[in-house]
Amino acid sequence: QVQLLETGGGLVHAGESLRLSCVVSGSIFRIENMGWYRQSPEKQRELVATITSGGSTNYADSVKGRFTISRDSAKKTVHLQMNSLNPEDTADYHCNAIVWTTAREFKEYWGQGTQVSVSS
């Protein structure tokens, strides 16, 4: 079984920063893409940022220039550095990973989420 555990959420004021981390554990052969998604009661789940095993990144337009995704493949960890936060960033942030559990089997996994709240 594979598990994703997110940490780093919290309550901050507008303009401040937070760093989210997600550790992947369990039966892992290889991790492909990793990413962060967010969901709030007012919006559907949306992509925040993704990073491939080769380090290529993709960001939602709303976070470009403010958020940075990175990964430490040796530690099976993905980070999301969030700067210049604003109230519109308030949401539950979920880690996502495409994990090969064997040389022939892969599956998409999700973390339980970590809450980010930004006050104005």
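Biologist: Why are Cys22 and Cys95 said to form a disulfide?

Modeller: A disulfide is a pair of cysteine sulfur atoms within 2.5 Å, and the sulfur atoms of Cys22 and Cys95 are 2.1 Å apart, so the pair falls under the definition. Please keep in mind that this is a predicted model, in which local features need pLDDT of at least 70 and side-chain atom pairs count only at pLDDT 80 or more, while totals for chains, interfaces and linings use all residues. Residues are numbered from 1 along each chain as its sequence is written, and side-chain values use heavy atoms, with hydrogens and water left out.

Biologist: How many disulfides does this rule give, and what makes the link of Cys22 and Cys95 left-handed?

Modeller: The rule gives one disulfide, and the angle about its S-S bond, -85°, makes the link of Cys22 and Cys95 left-handed. Cys22 lies in strand E3 and Cys95 in strand E9, so the link ties together parts that are 73 residues apart in sequence. Both cysteines are buried, a term that stands for under 20% relative accessible area, with exposed meaning over 50% and partly exposed the range in between (1.4 Å probe, protein chains only).

Biologist: What pattern of elements does the protein follow along its sequence?

Modeller: The pattern is β-β-β-β-β-β-β-β-β-β-β, which corresponds to zero helices and eleven strands. Both kinds of element are DSSP runs numbered from the N terminus, with at least four residues for helices (H or I) and at least two for strands (E).

Biologist: Which residues touch the most other members of the largest nonpolar core?

Modeller: They are Trp36, Leu80, Met82 and Tyr93, out of 30 residues in that core. E9 supplies its largest share, five residues. A nonpolar core is a set of buried Ala, Val, Leu, Ile, Met, Phe, Trp, Tyr and Cys residues joined through side-chain atoms within 4.5 Å.

Biologist: What makes Leu80 buried?

Modeller: The relative accessible area of Leu80 is 0%, and so this leucine is buried by the cut-off. Leu80 sits in strand E8, and beyond its neighbours within four places in sequence its contacts include Trp36, Val48, Phe67, Ile69 and Tyr93.

Biologist: What is the phi of Lys76, and where is the place of Lys76?

Modeller: Lys76 has a positive phi of about 55° although it is not a glycine, and its place is in the loop between E7 and E8. With a relative accessible area of 31%, Lys76 is partly exposed.

Biologist: Why does the radius of gyration agree with that of a compact globule?

Modeller: For 120 residues a compact globule would have a radius of gyration near 14 Å, and the protein has 14 Å, so the two agree. This radius is taken over C-alpha atoms, and the globule rule is 2.2 Å times the number of residues to the power 0.38. Along its principal axes the C-alpha trace spans about 50 × 25 × 25 Å, and buried residues make up 40% of the 120 residues.

Methods: Contact means heavy atoms within 4.5 Å.
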